[in-house]
Amino acid sequence: MRNPASEPNPGSESSNGGSASELRVFVRKKRGRKTIETQETKYEAEPLDQKLRGPPEIEEFGYKQVNGSFQSSNTSFANVPTGEPPPNWEKVLEGIRKMRSTEDAPVDTMGCEKAGNSLPPKERRFAVLVSSLLSSQTKDNVTHGAIQRLLQNGLLAADTIDKADEATIKGLIYPVGFYTRKAANMKKIANICLMKYDGDIPSSLEELLLLPGIGPKMAHLVMNVGWNNVQGICVDTHVHRICNRLGWVSKSCTKQKTSTPEETREALQLWLPKEEWVPINPLLVGFGQTVCTPLRPNCGMCSVSDFCPSAFREISRSPSKSKRSSLSKKL
């Protein structure tokens with residue numbers, strides 16, 4: 001004879017919290033629903049992340065579409081500055097301008113915005129786009145050389161690149177960083193530009209960001225130079241590094257630096273006057289190539305070091321001293 005007390009009570013889940021077995025079943029169902037929701041979110045974002053599959057490049061960032069516009073998924077908007085400009089920024093900017101006026105930097109003659117200067121507007125826009133693509137993790141002189149070789153071989157237009165063999169393109173753009181991957185992206189971009197834009201390039205920031213290999217720094221530069229449409233600051237590693245060294249983009253109420261060029265762009269745009277958005281890039285890039293270099297910056301020759309919170313802090317020992325030190329330890 002069965003004992004009724006040992007059988008589960010169907011109404012006990014709401015009145016008494018349910019038996020141990022019922023609780024386990026309830027928890028499993030709840031976890032199942034969470035898993036399905038997570039998978040749906042990933043699926044919705046997947047088309048915008050397809051360009052990021054494979055080895056990441058420094059200019060590529062995850063983007064998500066919010067209310068019809070693109071925003072960086074890496075930025076914490078709660079931590080960016082409130083829009084108050086840093087002290088003495090105008091003096092610093094003027095000092096950098098004076099230093100830059102006395103010496104040319106590679107960006108002044110070989111930067112991406114110089115690509116295709118002699119070409120008609122449509123062809124020049126495409127040349128600037130290709131140059132921006134090739135510039136990622138590549139020095140200006142190497143990018144400039146690749147662009148010149150493409151131009152000399154008639155491969156700096158959408159139709160000719162689309163018809164060209166990928167191996168030929170790889171040989172012409174070598175030794176730019178990730179040249180194999182960039183050659184493939186050049187072919188894809190050329191085909192997209194032919195099919196959708198009659199050989200021209202996209203005229204909106206959102207469409208440019210959907211092109212394979214094109215990140216926000218490149219897209220803003222192309223919009224500024226190709227379409228004379230300023231929608232944001234072009235921030236590369238030089239601008240990112242220098243703005244953090246100067247304390248221009250520290251996160252609100254903290255001393256924490258911005259962690260990506262895209263965070264720096266968004267923070268800088270909160271206070272920098274819009275008329276400075278275009279010239280700030282070549283100004284700081286050249287400054288970063290000649291004075292405020294990535295390793296062992298030349299603080300002694302910098303006229304704005306008195307205003308820089310990072311001045312003389314990034315001092316490293318010379319390789320010869322390091323070698324002597326290690327040898328003495330062994331002896």
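Trainee: Which residues is Met 186 in contact with, leaving aside its neighbours within four places in sequence?
Mentor: This is a predicted model, to be clear. In it, Met 186 is in contact with Val 130, Leu 133, Leu 134, Leu 150, Ile 161, Ile 169 and Ile 173.

Trainee: And which residues touch the most other members of the largest nonpolar core?
Mentor: Met 186 is one of them, along with Phe 126, Val 130, Leu 134, Leu 150 and Ile 173. That core has 38 residues.

Trainee: Which elements give two or more residues to it?
Mentor: Helices 5 (121-135), 6 (140-152), 7 (158-163), 8 (166-173), 9 (179-197), 10 (205-209) and 11 (216-226). Helix 5 gives the most, with seven residues.

Trainee: What about another core, apart from that one?
Mentor: There is one of 31 residues, and its members include Val 92, Ala 105, Trp 277 and Cys 308.

Trainee: Back to helix 5. At what angle does it pack with helix 6?
Mentor: About 140 degrees, and the axes are 9 Å apart. Angles over 145 count as roughly antiparallel, so helix 5 is oblique to helix 6. The crossing of helix 5 past helix 6 is right-handed.

Trainee: Which residues meet there?
Mentor: From helix 5, you have Ala 127, Val 130, Ser 131, Leu 134 and Ser 135; they meet Thr 143, Ala 146, Ile 147 and Leu 150 of helix 6. By type, the residues of that contact are six nonpolar, three polar and no charged.

Trainee: Switching topic: how many residues of helix 14 are buried?
Mentor: Nine of the eleven in 280-290, which leaves the helix mostly covered. Among the buried ones are Ile 280, Asn 281, Phe 287 and Thr 290.

Trainee: What do they pack against?
Mentor: Helix 3 (89-101), helix 4 (106-110) and helix 12 (237-245).

Trainee: Last one, Ile 233. Where is it, and is it buried or exposed?
Mentor: Ile 233 sits in the loop between helix 11 and helix 12. Its relative accessible area is 0%, so it counts as buried.

Trainee: What is Ile 233 in contact with, again leaving aside neighbours within four places in sequence?
Mentor: His 220, Arg 265, Leu 268, Gln 269, Leu 272, Trp 277 and Ile 280. You've met two of those names already: Trp 277 belongs to the core of 31 residues, and Ile 280 is buried in helix 14.

Trainee: And how far apart are Ile 233 and Glu 276?
Mentor: In sequence, 43 residues; in space, 8.7 Å from C-alpha to C-alpha.

How values were computed
Residues numbered from 1 in each chain as written. Predicted model: local features only at pLDDT ≥ 70, side-chain atom pairs only at ≥ 80, totals over all residues. Heavy atoms only, no water. Core = buried A, V, L, I, M, F, W, Y, C linked by side-chain atoms within 4.5 Å. Buried < 20%, exposed > 50% of the residue type's maximum accessible area, 1.4 Å probe, protein only. Helix = DSSP H or I, 4+ residues; strand = E, 2+ residues; numbered from the N terminus. Contact = heavy atoms within 4.5 Å. Axes fitted to C-alpha atoms, helices over the stretch in contact; angles between N-to-C directions. Parallel < 35°, antiparallel > 145°, perpendicular 65-115°, else oblique. Left-handed = near helix turned anticlockwise from the far one by under 90°. Nonpolar A, V, L, I, M, F, W, Y, C, P; charged D, E, K, R; others polar.
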